[in-house]
Structure formats: C-alpha cells, structure tokens
Amino acid sequence: MSKTLLKQSLLSVAVAGAMGMASVAQADVVIGVAGPHTGAYAAFGEQLWKGAEQAAKDINAKGGINGELIKLVKADDACEPKQAVSVANRLVDSDGADFVIGHFCSSSSIPASKIYDEAGILMITPASTNPKLTEQDFDQVFRICGRDDQQGTVAAEHIVNELGATKVAVLHDKDTYGQGLADAMKAHMNKLGVKEVLYEGLTRGEKDFNALVTKIRSSKAEVVYFGGLHSEAGPLVRQMREQGVEAEFISGDGIVSEDFLKAAGGASFVNGVLMTFGADPRQIPNGKEVVSTFQKAGYEPEGYTLYSYAAMQSIVAGATAVESTDGAKVAAWLKDNTVDTVLGKKAFDDKGDLEVSDYVMYQWGTDGSYGQL
C-alpha cells in the first residue's frame with residue numbers, strides 16, 4: 001500500500017473513531033411523557049409536560065444523567081385506554097424510551113403499565129390514583145401521588161365528621177378513576193355509619209344533567225360527592241345551582257384545574273366547592289425556587305405540574321445512584337432510598353406507592369381560585 005493510501009486509511013479510521021466517541025458522548029436518556037395532550041383533558045397533560053420539561057431543562061443544565069442529556073418525547077393518549085396502549089408500544093418500539101413519566105388517567109396507566117413491564121421500562125405516574133395500578137405485582141411501576149383509597153378516606157371523614165352530613169349522593173363518571181374514587185369514598189363513609197341516598201353513574205362527554213339533578217333534589221341530599229374530572233363536574237355543579245340545589249359539592253383531584261372554573265361557567269358556580277388534593281406543593285420549601293422559575297416564565301404550576309417535576313427527580317436520583325438506566329436496578333434503588341424532590345422527601349414502598357400520602361381538603365372561592373382549608 002502506498003504512503004498516500006495508508007494515510008487516507010488511517011485518517012478514515014481516526015474519523016470513524018472520533019465519530020463513534022462523539023456518538024457515545026452525545027447519547028440521550030429518552031423519557032416519554034405520556035398523558036392527554038389533546039382532547040377534553042389536555043389541561044392535565046400540559047401540567048405533566050410542563051413539569052417534566054422544566055425538570056429536564058434544569059437537570060440537563062447540570063450535566064444530565066451520568067453525563068447524558070435528557071430527551072423528552074411527548075406521547076398523547078387522550079385519556080383513552082386503547083390509545084394509551086398504542087402510544088406505550090410506540091414509546092417502547094419506536095422512540096426507545098428509557099423511562100416514562102405518566103400516564104394521567106388511571107384507565108390509561110393500568111393497560112399501558114403492562115407494556116412497560118414487559119419491556120423492562122420503569123414508569124412513574126404523577127397522577128394516576130386507582131389502587132389497582134400498583135397492585136399488579138409489576139416491580140417497575142411507581143406513582144408519586146396518593147391512592148384513591150387514601151383520598152376517598154379523607155373526603156368521607158370530612159363529610160361525616162366535619163360536615164355532619166347524613167344524606168349523601170354519590171356520583172361517578174363510570175371511568176376507572178372516577179368510579180374507583182367514588183367507591184373508595186363510599187366504602188369508608190359506610191364504615192363511618194352513613195349510607196348513601198343516591199348512587200348514580202353518568203357518561204363522560206355528557207353536558208345535560210337535568211334528569212340527574214332532579215334525582216339529587218328528590219333524594220334530599222345534603223352533600224353531592226362526584227368521582228370524575230372537571231369536564232363533567234363543571235356543568236353538573238352549574239346545573240345544580242341553576243335549579244336551586246344547594247347541597248355541598250365535593251370531588252377529588254380530577255377538578256384541580258382552572259378548566260373546572262371554565263367548565264362550570266364562572267366563579268359564582270364553583271364558590272364553596274370542596275375537593276381533595278395533596279398539600280399544596282407550591283407552598284413546600286423544597287419547591288420555592290422551581291415555583292418561582294415557572295411564575296417568572298408566566299406559568300402557574302398548578303395541579304400536577306410539580307408532581308411531574310418530582311417524578312423526573314426520582315428517575316434521575318435512581319439512575320444516577322446506580323449509574324444505569326436499567327429499569328430493574330433503578331426501581332430497586334428507589335424502594336430502598338429516600339428522594340429529595342420539589343414535593344419534599346419521598347419514599348416508596350415495595351408496591352411503588354408513596355409510604356406517606358398527604359391528602360387534604362381544598363375549597364374554591366368567590367374569586368375563582370382554590371385554597372387549602
């Protein structure tokens with residue numbers, strides 16, 4: 001071989017090696033953010049996305065995960081179970097996701113979790129509260145929010161012990177989350193000695209609840225408890241008030257959004273509405289700086305925004321500690337260690353649930369905002 005050809009050959013090898021090194025240095029940790037990014041519940045998907053996006057930005061600014069930068073992939077399930085399975089398969093097969101933050105609706109998280117489990121991918125949901133999710137014996141399924149049996153207990157005790165109600169109407173939207181939450185509240189309320197005077201399901205997407213309101217009036221309910229999301233809760237409470245039904249209206253974390261105010265038609269209709277949610281994450285000292293960053297950018301980190309941020313912090317803490325993106329290794333570490341997050345210190349049990357839940361009661365006010373009681 002001539003010297004010229006030898007030089008060219010050596011140069012090609014050197015370039016290829018450099019390109020290979022660059023490829024390794026520029027590798028990404030791919031994290032899917034799955035939730036309803038379109039449709040009636042897109043407000044919640046935006047909360048999940050905003051939280052994960054800011055967390056990724058902050059973590060990448062500090063060097064990422066073990067020297068690799070985080071790349072986010074948005075996965076829209078529209079809170080539809082079949083679509084959730086489809087996007088879960090896409091995240092696994094096409095996007096090469098290492099981890100998943102999501103989903104939002106329990107009816108999406110439960111079927112999608114099976115896909116991630118089979119693929120060995122760790123998922124942390126910021127918002128899915130149905131107990132079944134972490135009762136499936138999947139080692140790599142976590143949630144950084146509470147469960148419906150915890151949330152329902154807080155609501156039931158408030159209804160019975162604080163409000164002293166004896167006539168309670170229990171309504172739900174027939175969905176995994178909504179009915180599961182309503183049933184959890186009802187079960188604990190029954191244990192406290194109060195039997196519901198009405199138990200009824202409505203259908204997601206309905207807007208005319210006049211017949212249901214008539215049933216509520218006939219039941220003489222002092223409290224109406226609704227398991228579901230803002231899109232149905234808003235019109236329901238408005239039509240109750242328009243027809244003169246003044247019973248207390250109580251729901252869960254599915255109405256923790258300004259979209260509830262819009263769906264109800266204004267502050268006059270939501271005034272006094274009660275709901276359960278975790279202790280206001282915006283007031284936790286650990287998150288003050290992050291909250292300020294959001295607010296300076298013109299975004300109020302309500303609802304599950306900071307839960308999504310905390311889910312990212314949990315993933316990063318585990319992956320950094322074990323120096324790997326292997327889901328099994330990260331999951332094992334998370335179950336044995338405490339994580340510092342914007343929500344405070346968090347610890348997970350063997351099922352992937354939080355060891356401590358912090359549900360409290362909130363109330364919507366005359367100005368269209370809500371605050372912790």
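Author: A disulfide here is a pair of cysteine sulfur atoms within 2.5 Å. By that rule the count comes to one disulfide. Before we go on: this is a predicted model, where local features need pLDDT of at least 70, side-chain atom pairs count only at pLDDT 80 or more, and totals for chains, interfaces and linings use all residues. Residues are numbered from 1 along each chain as its sequence is written, and side-chain values use heavy atoms, with hydrogens and water left out.

Reader: Which cysteines does the disulfide join?

Author: Cys79 and Cys105, with 2.0 Å from S to S. The torsion about their S-S bond is about 85 degrees, so the disulfide is right-handed.

Reader: Where do Cys79 and Cys105 lie?

Author: Cys79 is in the loop between β2 (69-76) and α3 (81-93). Cys105 is in the loop between β3 (99-102) and α4 (106-119). The pair therefore ties together parts 26 residues apart in sequence. Helices (H or I, at least four residues) and strands (E, at least two) are DSSP runs, numbered from the N terminus.

Reader: Is Cys79 buried or exposed?

Author: Buried, at 2% relative accessibility. Cys105 is buried too, at 3%. Buried means under 20% relative accessible area, exposed over 50%, partly exposed in between (1.4 Å probe, protein chains only).

Reader: And what about Cys145?

Author: Cys145 is in no disulfide. The nearest cysteine sulfur belongs to Cys105, 12 Å away. Cys145 is buried, with a relative accessible area of 4%.

Reader: New topic. What is the strand order in the open sheet of seven strands?

Author: β7-β6-β8-β9-β10-β13-β14, with mixed pairing. Two strands pair if DSSP finds at least two bridges between them. The edge strands, β7 (198-201) and β14 (370-372), each pair on one side only.

Reader: How do β13 and β14 pair?

Author: In the antiparallel sense, over three bridges. β13 covers residues 359-364. Gln363 stands opposite Gly371 in β14.

Reader: Last one. How do α12 and α13 cross?

Author: At roughly 105 degrees, with their axes coming within 9 Å. That makes α12 roughly perpendicular to α13 (angles under 35 degrees count as roughly parallel, over 145 as roughly antiparallel, 65 to 115 as roughly perpendicular and the rest as oblique). Axes are lines fitted to C-alpha atoms, for helices over the stretch in contact, and angles run from 0 to 180 degrees between N-to-C directions.

Reader: Which residues of α13 does α12 meet?

Author: Lys329, Val330, Trp333 and Leu334. On the α12 side, the residues include Ser314, Ile315 and Val322. Contact means heavy atoms within 4.5 Å.
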